[in-house]
Amino acid sequence: PVAVTYRLATPSSIPLPAELLDASGAIPMDDSGTFVNYGTGLQNLNAYLRRQLGSAYRPEAYYLVFAGAPASNGLAGFMPLARQFGYVFRDGREEHKGALAATAAHELGHGIFMLEHPFTRYAIPQSATDWLMDYGGGLALPHVHWSQIYDPELRLYLFQEDEEGGR
């Protein structure tokens with residue numbers, strides 16, 4: 001187990017208005033391909049969620065949204081490195097971990113601990129490991145990820161605005 005203390009809060013369900021969805025009823029993932037920035041669609045959704053949370057919104061907290069709509073690009077989840085809002089999408093095909101909890105853990109690995117996919121960070125072929133941060137059903141945390149989680153130099157950054165760069 002990872003020695004992390006967290007407080008889990010489940011706010012009331014927040015409905016997604018049609019104007020935040022694309023014509024097919026999906027959450028637009030327009031220019032979110034860099035994995036370090038939210039695209040325009042997610043920037044709008046993040047702003048909407050902050051407004052809906054009102055005084056319950058905490059700028060220092062992480063938010064993982066279990067969206068009732070799919071992502072327009074078929075992702076199962078999305079959370080840029082060192083960012084505040086993450087998403088687990090209904091019916092996601094890409095990056096699916098086999099269970100919502102595993103997809104959630106994968107996305108929080110990006111957002112909280114800045115863990116990267118092994119195929120982008122270490123030039124390992126995609127889906128070739130049983131690692132949590134690889135695609136597929138793996139849940140293992142290799143030594144390199146444990147080291148990053150426990151690294152005393154790891155700093156938890158204040159969140160940037162949605163339109164600012166990721167790292």
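**A walk through one predicted chain**

Hi everyone! Let's start with the surface: the chain exposes about 9,300 Å², and 55% of that comes from carbon and sulfur atoms. Please keep in mind that this is a predicted model.

How much of the chain is buried? Of its 167 residues, 42% are buried.

Now for the parts list. The chain has 4 helices and 3 strands. If you trace the elements from the N terminus, you read α-β-β-β-α-α-α.

Let's look at the strands together. They form an open sheet of 3 strands, ordered E1-E3-E2, and the pairing is mixed. Strand E1, residues 63–66, and strand E2, residues 77–78, are the edge strands, and each of them pairs on one side only. As a reminder, strands of a sheet pair through backbone hydrogen bonds, either parallel or antiparallel.

So which way do E1 and E3 run? They run parallel, with 4 bridges joining E1 to E3, residues 85–88.

One last number, about contacts along the sequence. Among contacts in the chain with a separation of 6 or more, 54% are between residues 24 or more positions apart.

Technical notes:
Residues numbered from 1 in each chain as written. Predicted model: local features only at pLDDT ≥ 70, side-chain atom pairs only at ≥ 80, totals over all residues. Heavy atoms only, no water. Helix = DSSP H or I, 4+ residues; strand = E, 2+ residues; numbered from the N terminus. Buried < 20%, exposed > 50% of the residue type's maximum accessible area, 1.4 Å probe, protein only. Contact = heavy atoms within 4.5 Å. Areas by Shrake-Rupley, 256 points an atom, 1.4 Å probe, with all protein chains shown as cover. Pairing = 2+ DSSP bridges.
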